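Have the 3D view open while you read.

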Amino acid sequence: MTDSVARPSAARAAPAGDGTDEAARPVAIVEKRWLGLTVETWQRILAPLAIGVIVLGLWEFIVRQAGIPHYILPGPLLIFRTLIADWGTLSGSLWITLQITGMALLAAVIVGGLLSILFTQSKWLELSLFPYAIILQVTPIVAIAPLIIIWVDDTLLSLLICAWIVAFFPILSNTILGINSADHNLVNLFQLYGASRWQTLIYLRLPAALPYFLGGLRISGGLALIGAVVAEFVAGSGGTASGLAFRILEAGYQLKIPRMFAALVMVSMSGIAIFLVLSLVSHLLLRRWHESAMRREN
Amino acid sequence: MTARVSLTTPDAVAQDMAGRPVVVLRGVGKRYSNGTLAVAGVDLDIRGGEFASLLGPSGCGKSTVLRMIAGLGEPSAGQIDWPGATHDGRGQPVRDVGFVFQEPTLMPWATALQNVMLPLRLQKVPSRAAADRAAAALQSVGLEAFLDAYPRELSGGMKMRVSIARALVTEPRILLLDEPFAALDEITRHRLNDDLLALWARAGFTVLFVTHSVFESVYLSQRIVVMAARPGRIVADVAIAAPFPRDAGFRTSVEYADACKVVSARLAAAIVA
Ligand SMILES: Nc1ncnc2c1ncn2[C@@H]1O[C@H](COP(=O)(O)OP(=O)(O)OP(=O)(O)O)[C@@H](O)[C@H]1O
Ligand SMILES: [Mg+2]
């Protein structure tokens, strides 16, 4: 009987034996590290790097062996040297392309994010506006870019609009999906405590939508760059404010093929860098709780 | 360490309400929009301070009844009254319930403490006070060392404890639980049964516990309401007289075995009917 008298405090004092006890607390697992990175991270870095080096070596070898002229296909070494030599003009153009991409992405985040919140709050808004978002998305940007460039006087602004059109849809559709996929029981729980629409949005729907939004953001980052480059190809404008696409066109006209490749390399590198940065942001935001960013031990 | 008064001693209001009905269902029915008649003609009085279970086969409408009591879905027939409840600005009775779902239903992006703070934050309790009360609630379920753990870092049983702490943090008059331990292993389930009884004995709230386990309902309850399906209705109301506190010894007692036999018979009759 003493047993049962003591029990009311059992929840606090006695060992629960279900993982709540001191002994069952998680112990930090120390992994072997090499220059601060884990073995797995090194594999991730070294494996693609090795492939890259092999392919580049083969490329250089074939170009030299077959004596292919550099105005047809320059070797990687020549491209690299051109990149260094023309860095002055190319880096200026890179900066402009990156600016357009960045601003378009920012606009896509703001407009896409706000629209998705509006659409999920009002069925009517979604019903009446969503089809137009789809129309914008499915119409090839090369087809509308000339119109936009004619309508908007400022070239930079017209490029920005084109890049934004391409970039905003994945953010919009993903965030809508995320906002609507909050756990049904949690929605009930909020209802039970009389939560306002606003509270449900802030405390439940937006956090639940975050992984979806970030997935959309990673796609949109690449698309914004593509949009910026494509629009500039269409605009074909020269002058001081010219991005990488114009450098590619220009080099093509002048048959400076190594320079064309150098600009192309910079576009690709920018795309990879944008993807990596956005992946890092996504990882940092989700690592504590989301499945996609968790390191599983089983 | 100052524990919350009302989690350790019977609440004055609850004491006052003891034995008197706190929720009264009269002729309650529910037809879902797809035409399913989930429950029909349910008359049920839940008395203040009691531990009652709703027992029945799968699909007999236990969740439907519980959710209607919680205010998640209106009855399509009959009414639910709240004798002795205060009323809000629009003249609606304040339900004052805590709800525990079958799944822990925690926000994965929030720590245990933040999850338990949620009901208080929704009621605009200042965050400092909310954090203190949430910490006390987590302590009462034995999780004081896991305030900053995320749900993914907790075992199934621990997540369920967080869920119970969240339901209790507002100090509700009635705790509604919908098969809360069905997904847990037996050892953890027994442990949580005991802890739930201990909390109930200390705080004096009213419990309505949904389960499909005869053994669980007999171990926990003062009263078992047996339901049958198609349409969901109440077919028996069995009192379990065994005194509290109950412990592992009760599980092996003749009294327990007899009660299980009686309730099983009622349940079997309900399934055949
Ligand atoms: N949202 C819904 N829409 C339509 N029918 C529903 C809905 N929810 C439940 N039902 C139906 O109502 C009946 C009762 O369901 P309910 O979930 O209340 O049963 P239950 O006793 O809780 O079952 P279980 O033990 O499996 O949880 C079932 O026939 C079910 O199919
Ligand atoms: Mg159910």
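## What counts as a polar contact

A polar contact is a pair of N or O atoms within 3.5 Å; within protein, one of them must be able to donate a hydrogen and the other to accept it. Keep in mind that this model is predicted. Across the interface of chain A and chain B, the rule finds three residue pairs in polar contact, with both residues at pLDDT 80 or more.

There's also one salt bridge between chain A and chain B. Which residue does A:R288 pair with in a salt bridge? The partner is B:E153, and the closest N and O atoms are 3.4 Å apart.

## Chain A's side of the meeting

On the side of chain A that touches chain B, the elements giving two or more residues are α8 (184-192) and α9 (197-235) of chain A. The largest share comes from α8(A), with seven residues. Sorted by class, this side has 18 nonpolar, seven polar and eight charged residues.

## How much surface is involved

The size of an interface is often given as the accessible area lost when the parts come together. Here, about 3,700 Å² is buried between chain A and chain B, and carbon and sulfur atoms give 58% of that. In terms of residues, 33 from chain A are in contact with 47 from chain B.

## A hairpin in chain B

Now look at chain B, where strand β8 (residues 223-228) and strand β9 (residues 233-239) pair in the antiparallel sense over six bridges.

Together, β8(B) and β9(B) form a hairpin with four residues between them. In the turn, B:R230 has a positive phi of about 50 degrees.

Notes: Residues are numbered from 1 along each chain as its sequence is written. Chains are lettered from A and ligands numbered from 1 in the order in which they are written. This is a predicted model: local features need pLDDT of at least 70, side-chain atom pairs count only at pLDDT 80 or more; totals for chains, interfaces and linings use all residues. Side-chain values use heavy atoms; hydrogens and water are left out. Contact means heavy atoms within 4.5 Å. Buried area is the accessible area (1.4 Å probe) that two parts lose on being put together, summed over both. A salt bridge is a side-chain nitrogen of Lys or Arg within 4 Å of a carboxyl oxygen of Asp or Glu. A polar contact is a pair of N or O atoms within 3.5 Å; within protein, one must be able to donate a hydrogen and the other to accept it, and residues adjacent in sequence count only if both atoms are side-chain atoms. Ala, Val, Leu, Ile, Met, Phe, Trp, Tyr, Cys and Pro count as nonpolar, Asp, Glu, Lys and Arg as charged, and the others, Gly among them, as polar. Two strands pair if DSSP finds at least two bridges between them.
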